[in-house]
Amino acid sequence: MIIHYKSNKLQKSLSSPREILVNYGTRAKQVNTRMQELIAAVTLHDLTFLPQANCHELKGNFKGDLAVDISANFRIRFEPNHIPLPKKDDGGLDWKSVTEIKILSIEDYH
């Protein structure tokens, strides 16, 4: 997938395994793994084959965003970077058509 970032600071923090280690400490290995999985995926649908990533759509204040698991509470939160959003006939997001995302944050939003 093509990855965009909400800010230059976030992009820099995820730019290399060394930067990830400096910025995410004990979670660095999981962050690096998830980033490599996001980069390697052709579409968002590809992530459904990785149960450890647990890619899911969010609700409430983050409706329209998606996330993948880093640990029990921490997630990489992102949104599809398409205008207009690819939709299925029922109005839901067409995961098979999402080829670009924008990473918004790495956080515990629970």
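Predicted model: local features only at pLDDT ≥ 70, side-chain atom pairs only at ≥ 80, totals over all residues.
1. Asn54 is partly exposed, with a relative accessible area of 36%. On the scale applied here, buried means under 20% relative accessible area, exposed means over 50%, and partly exposed lies in between, with a 1.4 Å probe and protein chains only. The place of Asn54 is the loop between α3 and β2. Its phi is positive, about 50 degrees, although the residue is not a glycine. Most residues other than glycine have a negative phi, and most peptide bonds are trans.

2. Residues are numbered from 1 along each chain as its sequence is written, and side-chain values use heavy atoms, with hydrogens and water left out.

3. Which residues does Asn54 contact, leaving aside its neighbours within four places in sequence? Ala67, Val68 and Asp69 are in contact with Asn54 on that count, where contact means heavy atoms within 4.5 Å. Asn54 and Ile70 are 16 residues apart in sequence, and their C-alpha atoms are 9.3 Å apart in space.

4. As to overall architecture, the protein chain has three helices and five strands, in the order β-α-α-α-β-β-β-β from the N terminus. The radius of gyration is 13 Å, close to the 13 Å that the globule rule gives for 110 residues, so the chain is as compact as a globular protein of that length. That radius is taken over C-alpha atoms, and the rule is 2.2 Å times the number of residues to the power 0.38. Helices (H or I, at least four residues) and strands (E, at least two) are DSSP runs, numbered from the N terminus.

5. Further totals describe the chain. Its C-alpha atoms fill a box of roughly 45 × 25 × 25 Å along the principal axes, and 40% of the 110 residues are buried. Among contacts between residues at least 6 apart in sequence, 52% join residues at least 24 apart.

6. The five strands form an open sheet of mixed pairing, ordered β1-β5-β4-β3-β2. β1 (2-5) and β2 (56-57) are the edge strands, each pairing on one side only. Two strands pair if DSSP finds at least two bridges between them.

7. His4 has Lys102 in β5 as its bridge partner.

8. β4 is mostly covered, with five of its six residues buried. Six bridges join β4 to β5, which run antiparallel; Pro80 is paired there with Ile101 of β5. The loop between β4 and β5 holds Pro84, and a cis peptide bond with omega of about -5 degrees joins Ile83 and Pro84.

9. β3 and β4 are joined by a hairpin of five residues. Val68 stands opposite Ile76 in β4. Four bridges link β3 (residues 66-69) to β4 (residues 75-80), and the strands run antiparallel. Asp69 stands opposite Arg75 in β4.

10. Helix α3 (residues 28-40) packs on the sheet, touching β1, β3, β4 and β5 (100-107), and its direction makes about 20 degrees with that of β4. Axes are lines fitted to C-alpha atoms, for helices over the stretch in contact, and angles run from 0 to 180 degrees between N-to-C directions. α3 has 13 residues and reaches 18 Å from its first C-alpha to its last, close to the 18 Å expected at 1.5 Å a residue; the expected span is 1.5 Å times one less than the number of residues.

11. Which residues of α3 are buried? They are Ala28, Val31, Arg34, Met35, Glu37 and Leu38. The buried residues of α3 pack against α2 (17-24) as well as β1, β3, β4 and β5. An α-helix has 3.6 residues a turn, so residues three or four places apart point the same way.
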